[in-house]
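Trainee: I am new to reading protein models. Could you take me through one, feature by feature?

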Amino acid sequence: MGFMVYDSSTQISFDDRVLAHLEVVIVSKLRRKESFALSWRESPDNGDGRTTIWIDPSIPLRFRYSGSRPPSLDREWMERLAAAAASSSGLIAIDEDGQPVVGSTHERGV
């Protein structure tokens, strides 16, 4: 289980393979200076709801993986994620089968 640190205060945990696909799409959009929403389902420990954050080039992001080897990437999955990121609803974290991904959000110092 890896994580993404958003704005130096929020840590969002995802499976390493999911995180790797999200990272490719997010970095690609940020290189083009594009902002967008990122949403995921929360774990039952966090109320089993949904969270959305605004991803913008001015907000610091860091990706940290628990595994030492990079996960294999699936081009079709990345294309579906990229299409969602370009839509008005934003990037919704899904797995390879198109099912919503559960993430776990932890606020630091809030």
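Mentor: Gladly! Let us begin with helix α2 (75–85): R75 and E76 are exposed on one side of it. Exposed means over 50% relative accessible area, buried means under 20%, and partly exposed is in between, using a 1.4 Å probe and protein chains only. Helices (H or I, at least four residues) and strands (E, at least two) are DSSP runs, numbered from the N terminus. This is a predicted model, so local features need pLDDT of at least 70 and side-chain atom pairs count only at pLDDT 80 or more, while totals for chains, interfaces and linings use all residues. Residues are numbered from 1 along each chain as its sequence is written, and side-chain values use heavy atoms, leaving out hydrogens and water.

Trainee: Which residues of α2 are buried?

Mentor: First, the general idea: an α-helix has 3.6 residues a turn, so residues three or four places apart point the same way. In α2 the buried residues are W77, M78, L81 and A85. They line one face of the helix, because they fall within an arc of 95° when seen down its axis; the arc is that of the directions from the helix axis to the C-beta atoms.

Trainee: What covers the buried residues of α2?

Mentor: The cover includes α1, β3 and β6 (91–92). At the start of α2, also look for a side-chain oxygen of D74, within 3.0 Å of the backbone nitrogen of E76.

Trainee: Where do I find the largest nonpolar core, and how many residues has it?

Mentor: A nonpolar core is a set of buried Ala, Val, Leu, Ile, Met, Phe, Trp, Tyr and Cys residues joined through side-chain atoms within 4.5 Å. The largest one here has 26 residues, and F14, L22, I26, L38 and L91 make the most contacts inside it. Two or more residues come from each of β1, β2, α1, β3 (36–42), β4 and α2. Helix α1 gives the largest share, seven residues. As for L91, not counting residues up to four places away in sequence, its partners include L22, V25, I26, L38 and L81; contact means heavy atoms within 4.5 Å.

Trainee: Now the strands. Which way do the residues of β1 point?

Mentor: In a regular strand the side chains alternate between the two faces of the sheet. From β1, G2, M4 and Y6 point one way, F3 and V5 the other, and all are buried.

Trainee: How many bridges join β1 to β2?

Mentor: Two strands pair if DSSP finds at least two bridges between them. Five bridges join β1 to β2, and the two run antiparallel. β1 is also antiparallel to strand β5 (residues 61–64), with four bridges.

Trainee: Is Q11 buried or exposed?

Mentor: Q11 counts as buried, because its relative accessibility is 18%. Beyond its neighbours within four places in sequence, Q11 has contacts that include V5, S104 and H106.

Trainee: What is the phi of D7?

Mentor: Most residues other than glycine have a negative phi, and most peptide bonds are trans. D7 has a positive phi, near 55°, and sits in the loop between β1 and β2. With 41% relative accessible area, D7 is partly exposed. K33, in the loop between α1 and β3, also has a positive phi, near 60°, and is exposed at 67%.

Trainee: Which side chains does the polar contact of 2.5 Å join?

Mentor: A polar contact is a pair of N or O atoms within 3.5 Å; within protein, one must be able to donate a hydrogen and the other to accept it, and residues adjacent in sequence count only if both atoms are side-chain atoms. Here the side chains of D56 and S35 are joined at 2.5 Å. D56 lies in the loop between β4 (50–55) and β5. D56 and K29 are 27 residues apart in sequence, yet 9.2 Å apart in space, C-alpha to C-alpha.
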